[in-house]
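Student: I would like to learn how to read a protein model. Could you walk me through some features, one by one?
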Amino acid sequence: MKLQKEFEQFYKDIRIDGEQNTLIQKRTVLENEIKDKLPEIMGTHDIELSKSDIRMIDQGSYKYNTTIRSSVVDRDVAVMIPLDIIKNPDPRKIKGYLRDSIDISIRTVQIKEPCVRAAYHKNGEEYLHIDLPLYARDGDSVYLARGREYGSYKWEPADPDGLNDDLCGKINGAAQLRRVICYLKKWKNEHYANSISDHEIPPSIGLTYLACDCFEAQSIDDSDNDLLAFQKTVQNICNRFSITRDFSGNITSAKISRYLTVQPYTDVFQKMKDSSDSYMITFYKRLCVAKDNLTNAVNVESDHDAAEYVVKVLGDEFEVPPKSTANKSTQSNREHSFG
C-alpha cells in the first residue's frame, strides 16, 4: 500500500490525542475563576447569576478530536449563561464582565470579536490561548455575544450544542475521515504560516466541513489508502469552487460557500470573502497545487518519489522512504519530533 505506513506515522506525529496536563490545569483554573467570580461581578451590575447557572461547553477541534500540533496551542471552551438580552442588549458589556472575572497578571486577556481570549506567554512568546465564546440562553433561544470592546456588536442566534452534534455525528466512527481532516489542517498550517491577516486564512471549521462533504473513503484489499483518500478529498473540494477567468485565462474570481446547518446558518467563509477577493483566489490556487502534487504522488510508481510530492503538501515532517528500499517495509528513521 503506497505510503500508508508513512501516513499513519505522520498522523501519530502531528495529532494531539487529548489534552496535555498543562492545558487541563489552565482550563480548569479558568472555569473555576469564571464560576467563582462572574456571578459577583454580574451582581454589581444588577444581573442575577448563580454559579450553578454557568455552563462550560467544549468546542472546536478538541471536541471533534481533530487537533494537530502547532506553535501556539488553541483551545475553545464556550461559556453559557442565562440572560435576558432585551434587558441587556449590548453583548460587549457582558463580555467585559467575563474578561474581568479572569483578568489576572499570569495571562493576557483580550476581548475578540467572537470571544474572550486568555493568552499565555513564555519568554515573550505566546504558546497557548483559550478562547471563550460567550453565549446567552434566553428562554429556548441561544445567542452568541459578538463584538469587540469598541465598535459594532450584536447578539447572534446560535446553536453550539447542535453544531457539536452535527460535526461529531459526521466524524466519530470515521477514522480515515478524521485523519484526512488533520492532513488538511496541516496543509493549512504549512502554506499559511506567513499570513498576516486572520481573514486570509481559511477557517478550520470551513476546512473540516469541506472535508466531511467531499471525503471519499479509499481502501485496497480492506486496508485504508490515506494517500488516495486525501487526494480525492482535495480534488473534490477544488471542484466545488466557482471560477471566473479573463480572456487570457487568468483567474479573476474564485468562490466557495459552506453554510452551517444550525443557527445562525451563515457561510463559514463569508469573512474571508468580505475581506478580499484575492484571499479566495489564493485559497483555490494553493488547493489546486496540493491536488496536483497529491495526484502525482498517486500516479508515480516509487514510494520515494510519491513521498517527495506529499512533502510539498504536508511539509518535511512527512517521512520520505529511501530510494533503495522505496517499495519495501522500512523502519522509521525520523530524527526530529514535534512540540
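Tutor: Gladly! Let us begin with burial: a residue counts as buried when its relative accessible area is under 20%, and as exposed when that area is over 50%. Keep in mind that this is a predicted model.

Student: Is Gln218 buried or exposed?

Tutor: Its relative accessible area is 14%, so Gln218 is buried. You will find Gln218 in the loop between H7 and strand S9 (219–220). Leaving out residues up to four places away in sequence, Gln218 touches Gln176, Ser223, Asp224, Asn225, Leu228, Ala229 and Lys232.

Student: How do I read a core, and which residues have the most contacts inside the largest nonpolar one?

Tutor: In soluble globular proteins, nonpolar side chains tend to be buried together. Here the largest nonpolar core has 56 residues, and Phe230, Phe283 and Leu314 have the most contacts inside it. Helices H1 (4–14), H5 (160–171), H6 (175–191), H7 (204–214), H8 (226–240), H10 (277–299) and H11 (303–314), along with strand S12 (251–255), each supply at least two residues of this core. H10 gives the most, with 10 residues. Another core, of 33 residues, lies apart from it; Ile47, Leu49, Tyr62 and Ile130 are among its members.

Student: What is Phe230 in contact with, beyond its neighbours within four places in sequence?

Tutor: Its partners are Phe7, Val180, Tyr183, Leu184, Leu294, Val313 and Leu314.

Student: Where does Val310 lie, and what does it touch?

Tutor: Val310 is in helix H11. Its relative accessibility is 0%, so Val310 counts as buried. Not counting residues up to four places away in sequence, Val310 touches Leu3, Phe7, Leu227, Leu294, Ala297, Gly315 and Phe318. Take Leu227: it is 83 residues from Val310 in sequence, while their C-alpha atoms are 8.6 Å apart in space.

Student: How do I read a pair of helices, such as H6 and H10?

Tutor: Look at the angle, the distance and the residues that meet. H6 and H10 pack at an angle of about 115°, with their axes 12 Å apart, and the crossing is right-handed. From H6 come Leu184, Trp187 and His191, which meet Phe283, Arg286, Leu287 and Ala290 of H10. By class, this contact has 5 nonpolar, 1 polar and 1 charged residues.

Student: Why is H6 described as largely enclosed by the rest of the structure?

Tutor: Because 13 of its 17 residues are buried. The length of H6 can be checked too: at 1.5 Å a residue it should span 24 Å, and its end C-alpha atoms are 25 Å apart, which agrees.

Student: How many residues of H7 are buried, and what covers them?

Tutor: The count is 8 of 11, so H7 is also largely enclosed by the rest of the structure. Among the buried ones are Gly206, Tyr209 and Cys214. The cover includes H5, H6, H8 and H10.

Student: Which residues does the cis peptide bond join?

Tutor: That bond joins Gln263 and Pro264, with omega at about 10°. Pro264 sits in the loop between S12 and helix H9 (270–275). Tyr265 is found in the loop between S12 and H9 as well, and has a positive phi of about 60° although it is not a glycine. With a relative accessible area of 47%, Tyr265 is partly exposed.

Note on methods. Residues are numbered from 1 along each chain as its sequence is written. This is a predicted model: local features need pLDDT of at least 70, side-chain atom pairs count only at pLDDT 80 or more; totals for chains, interfaces and linings use all residues. Side-chain values use heavy atoms; hydrogens and water are left out. A nonpolar core is a set of buried Ala, Val, Leu, Ile, Met, Phe, Trp, Tyr and Cys residues joined through side-chain atoms within 4.5 Å. Buried means under 20% relative accessible area, exposed over 50%, partly exposed in between (1.4 Å probe, protein chains only). Helices (H or I, at least four residues) and strands (E, at least two) are DSSP runs, numbered from the N terminus. Contact means heavy atoms within 4.5 Å. Axes are lines fitted to C-alpha atoms, for helices over the stretch in contact, and angles run from 0 to 180 degrees between N-to-C directions. A crossing is left-handed if the near helix is turned anticlockwise from the far one by less than a right angle, and right-handed if clockwise. Ala, Val, Leu, Ile, Met, Phe, Trp, Tyr, Cys and Pro count as nonpolar, Asp, Glu, Lys and Arg as charged, and the others, Gly among them, as polar. The expected span of a helix is 1.5 Å times one less than its number of residues.
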